[in-house]
Amino acid sequence: MSSLSLSLTRPPARAARRTAFGQIVRNEARLVRRQPTNMIGSIGLPVVLMIIFGEVPTLNRPATELGGLTGFDTYVPVIMVLGLTMLTLLGLPGPLVSYRELGILRRLSTTPVPPSWLLAAQVVVQLCIALASLVIVNTMSVAAFGAPVPKSLGGLALSCLLAIGGLFALGLLIAAVAPTASSVNAIGRLALIPLLFFAGLWLPRALMPAVLLDISNYTPLGAAVEAIQDSVQTGFPPATPLLVLAGYTLVFAFLARRFFRWE
C-alpha cells in the first residue's frame, strides 16, 4: 500500500479513537450524575460551609491575630481545597478500584479499548467537577460575600492547577494500593482528617504554633492554602508552596504508576 493511501486511512482511525474515548467520558459522566454523592461532597459541601461562615458576624470582622484579615477571608482557600480533597480522596479512586475489583479493567484489556482510557476518562470527569467547584466557590465568595478579588489571577490559576495535580495524583495512588472499593473510604477518611487540620479547617494557619505551621507548609493542603491565600491577598505566590505542590504531584504520580494494578 502506498504512503499516500496509508496517510488517508490514518485520520479516520484517529477520529474513531477520539469518538470512542469521548463516548467513555460521556458514560462516566452519566454514572456520576446518577450517583451524585461526589458532586455533593466536592461542590455542595463547600458552598454550604461558605454560606454558613459568610453569615457569622464574628468571621466578617478584621482580626489583628489574622494579620488584619477576616475569618471568612482565611477560610475561603480552605473551603476551596476542601472540595478538591473530598473529590480526590473519595470520588476519584472509588470507581477505579470498583472497576478493578469487578474485573472490568481486565476484560477491557481483551478489547480494542485499552484500560487506561477508562482511567483517563475518570480523571477528565473528576477534573471538570474540580474546576467547577473552584470557580463556584471563588466566584460566590467575591460576588455574594464581599471577599477580595484575587490580586493575581495567574497565580491563583497556577496554585489551583498544582493543587489539583498533587491531590489527583494522591487519589490515583490510593486507587493503586487500595485492595477493595470499601477500603478506599477507610484510607480516604484516615488521610482526610490530618490533611484538613494542616489546611487550617479547625485552627486557622495564622494561629498555629510555629512547629505546626512549619509542618502545614509542607503538606499538600497547607501548601495549597498558602499559595491560594497569597494569590488572593498579596499577589503571585512565593516559589516554596508551588514547588511543594509540584513535588507532591511528581512523587504521588510516580508511586501511583509504579503500584497501579489493572487486575
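Me: How many residues does helix α11 have, and how far does α11 reach from its first C-alpha to its last?

Reply: This is a predicted model. Helix α11 covers residues 239–259, which is 21 residues. From first C-alpha to last, α11 reaches 30 Å. That is close to the 30 Å expected at 1.5 Å a residue.

Me: Which residues in α11 are buried?

Reply: Start with the general idea. An α-helix has 3.6 residues a turn, so residues three or four places apart point the same way. Now the case here. P241, L242, V244, L245, F252 and A256 are buried in α11. Looking down the axis of α11, you find these buried residues within an arc of 155 degrees, so they line one face of the helix.

Me: Which exposed residues does the face of α11 turned away from its buried side carry?

Reply: That face has L243, L250, F254, R257 and R258.

Me: What covers the buried residues of α11?

Reply: Several helices do, including α7 (153–177), α9 (210–217) and α10 (220–233).

Me: Take S159. Is S159 buried or exposed?

Reply: Buried counts as under 20% relative accessible area. S159 has 0%, so S159 is buried. This residue lies in helix α7.

Me: Which residues does S159 touch?

Reply: Leave out residues up to four places away in sequence. Then S159 touches A227, I228, S231, P237, L242 and L245. L242 and L245 are among the buried residues of α11.

Me: By class, what does the lining of the largest cavity have?

Reply: The lining has eight nonpolar, four polar and one charged residues.

Me: What volume does the largest pocket have?

Reply: The largest pocket has about 440 Å³. Its lining has 18 residues; Q35, N38, L90, G91 and P95 lie nearest the centre. The elements giving two or more residues to this lining are α1 (3–34), α2 (37–54), α3 (71–91), α4 (93–101) and α8 (181–199).

Me: And by class, what does the lining of the largest pocket have?

Reply: Count six nonpolar, 10 polar and two charged residues there.

How values were computed: Residues are numbered from 1 along each chain as its sequence is written. This is a predicted model: local features need pLDDT of at least 70, side-chain atom pairs count only at pLDDT 80 or more; totals for chains, interfaces and linings use all residues. Side-chain values use heavy atoms; hydrogens and water are left out. Helices (H or I, at least four residues) and strands (E, at least two) are DSSP runs, numbered from the N terminus. The expected span of a helix is 1.5 Å times one less than its number of residues. Buried means under 20% relative accessible area, exposed over 50%, partly exposed in between (1.4 Å probe, protein chains only). The arc is that of the directions from the helix axis to the C-beta atoms. Contact means heavy atoms within 4.5 Å. On a 1 Å grid over the protein atoms alone, a cavity is a set of points where a 1.4 Å probe fits but cannot get out, and a pocket is an open set with protein on both sides within 12 Å along at least five of seven lines; lining residues have an atom within 4 Å of a point. Grid points are joined across faces, edges and corners, and a volume is the space filled by probe spheres set on the points. Ala, Val, Leu, Ile, Met, Phe, Trp, Tyr, Cys and Pro count as nonpolar, Asp, Glu, Lys and Arg as charged, and the others, Gly among them, as polar.
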